[in-house]
Structures are given as structure tokens and as C-alpha cells.
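I opened the model today to look up how its parts pack. My entries follow in the order I checked things.

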Amino acid sequence: MGIQRLINAAATLCFHRPVPPAVAQTLFALLVLAGSPGDGRAEQAHEPFAATSHRRFDDVEHWVKVFDDPERDAWQRPALVVTELGIEHGMRVADLGAGTGYFAATLSEAVGESGAVFAVETEPALVAHLLARAERDELTNLVPVLASTGNPRLPAASIDLLLIVDTFHHIDDRLNYFADLRQVLAPGGRVAIIDWKKEKLPVGPAPDHKLAGEQVVREMQQAQYELAAQFDQLPYQYFLIFRPRPRPAD
């Protein structure tokens, strides 16, 4: 049970009946803990698979400046990422947490006219921006998708590669989310996760919002994936590729 829920339950108890002094002392301690600056991090540490960062992305103009900063190319290396992913014409790729569409043109070119790129976002304003970007840049194979927080809204057994860049740490209930995500992968489908190294860096979020690569591997293994490859060419991010484990024979 989270701290806030525990406090609510204790408060309800206090308002309805007298409580022993020991219980009152415990409630007081919980209230002090909840009001301390580190309460979010403390609760989070006891809730595995919870997002470390909840952000709003409705201010598209702001996020265009952040995500599409030309200086990002020097460390994000989108062409190298696509090369290492082995994307070929005709593949169906999903960019989960596509943001403003930083990878859109690179992925679109890689899959070719016979392929498709699903740009998945939960923020309606970003989906509208992705559609406008597809029209502006004539990315005819780019398909913006408005997803739910717990459901990417992708066709079953359809995705050859699911790319997740700087988004893994924003996802709640990751164990169930990624276990369910197996259903959208085509036979031989893969999941590529690129996220921030858990250390102080000149770009990206604060260290306490990041997840170590080792934790990502452990979580994905618990969700029934296996690490298929990893690359170290990105200076600020780890780059991991997973495949779903074969399901036990019936």
C-alpha cells in the first residue's frame, strides 16, 4: 500500500472512532513522512514497475524546441540507431512515445513505401502535431496513433520492431504493460529500448528520474523477454534489444 493510501485509511479510522496512542503516533509519523521533500522517491522505491517521471506534453511548441533541437543529432545519432536496428524496406515499426516525431523521417525512409511507421503517443496535441508533420514532410507511411496509457492501440501480431526512446521510465505498471505488448509483435518481432544512463549527464532528466540499464533488463526478463543485443555507441543512453521468450507449448 502506498503512503498516501495508508494515510487516507488511517485518517478515516481517526474520524470515525477513538484510536490508541500508538496508532495516533504512527499516523503522525506518516503525515510527517508524506510532507517531506523525498516522499515521492521513498514511495516509488517500494512500488516496482512504476514510472519515475510523470510529465505533461501538451505544450507542443515547448517540446519541439527540446526534442527537435538540432544539437540532439550529435549524441542521439538517429542514422546509427536505425542501422543497428537492421530496419529493412517493408517492415512495420512502432515508435512508442514518438513525441514530436524526431525519429519519424529516419524511420520512414528506412521502411520505404512498402513499410509503415506507427508514431504512438498518449497526448492528443502531439498526435495532431505528428499528423501535421507527416503531411508537411510527405511521410506517407507515417501513421500517428493516439494510445491509452495502458494500451498502445496497435494491431495484433503486426509490429516487426517496437522502438522506445527515452520513454520506458514514463510507463507505469511496466510488468503488465510489456507482458501485454507481446501481443502486438509479429513473429520474430523485437523491442528496442533506448533510455538515459542513471548518472548525471549534460542532457536529459535528473538522475532520480532515470532507470539503470540493469533494471530495465531485469524488468523485461520478468515480462518474459530475453536480451538479444546491446550497443554502446550512444554517449548518454543505453541501447538494448529484446525478443519475447517462446511461449510454452500447450
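Which strands form a hairpin, and how many residues lie between them? I found that β6 and β7 form it, with five residues between them. Strands here are DSSP runs of E, at least two residues long, and helices are runs of H or I, at least four residues long, numbered from the N terminus.

**Ground rules.** I am working with a predicted model, where local features need pLDDT of at least 70, side-chain atom pairs count only at pLDDT 80 or more, and totals for chains, interfaces and linings use all residues. Residues are numbered from 1 along each chain as its sequence is written, and side-chain values use heavy atoms, with hydrogens and water left out.

**Whole chain.** I noted ten helices and seven strands. The chain has 250 residues, and 42% of them are buried. Buried means under 20% relative accessible area, exposed over 50%, and partly exposed in between (1.4 Å probe, protein chains only). The chain exposes about 13500 Å². Carbon and sulfur atoms supply 54% of that area. These areas come from the Shrake-Rupley method with a 1.4 Å probe; for residues, only the protein chains shown count as cover. I then looked at contacts, meaning heavy atoms within 4.5 Å. Of the contacts with a separation of 6 or more, 73% join residues 24 or more positions apart.

I went back to the hairpin strands. Strand β6 covers residues 225-231 and runs antiparallel to β7, with six bridges joining them. Two strands pair if DSSP finds at least two bridges between them. Within this pair, E226 stands opposite R243 of β7. On β5, I found another antiparallel pairing with β7, also over six bridges. There, D195 has Y238 of β7 as its bridge partner. β5 also pairs with β4, this time in the parallel sense, over six bridges. L163 stands opposite A192 of β5. Both β5 and β7 are mostly covered: ten of twelve residues are buried in β5, and six of eight in β7.

**Cores.** Which residues touch the most other members of the largest nonpolar core? I listed L154, L162, F178, V191, V216, M220 and Y225, out of 29 residues in the core. A nonpolar core is a set of buried Ala, Val, Leu, Ile, Met, Phe, Trp, Tyr and Cys residues joined through side-chain atoms within 4.5 Å. Elements that give two or more residues to this core are β1, β2, β4, α9, β5, α10 and β7. Apart from it lies another core of 27 residues, including V82, Y102, V117 and F239.

Not counting residues up to four places away in sequence, L154 touches A94, F118, V120, V145, I159, L162 and V184.

**F118.** This residue is found in strand β2. F118 is buried, at 13% relative accessible area. Leaving aside neighbours within four places in sequence, its contacts include R92, V93, A94, D95 and L154. P144 is 26 residues away from F118 in sequence, yet the C-alpha atoms are 5.8 Å apart.

**Helix α9.** I checked residues 174-181. The buried ones are R174, Y177, F178 and L181. Seen down the axis, they fall within an arc of 85°, so they line one face of α9. The arc is that of the directions from the helix axis to the C-beta atoms. These buried residues pack against β1, β4, β5, α10 and β6.

**Helix α7.** In residues 104-111, I found A104, L107, S108, A110 and V111 buried. They cover an arc of only 165° around the axis, which puts them on the same side of α7. What covers them includes α6, β1, β2, β3 and β4. Just after α7, G112 takes a positive phi of about 75°.

**R133.** Not counting residues up to four places away in sequence, R133 touches D68, T100, G101 and Y102.
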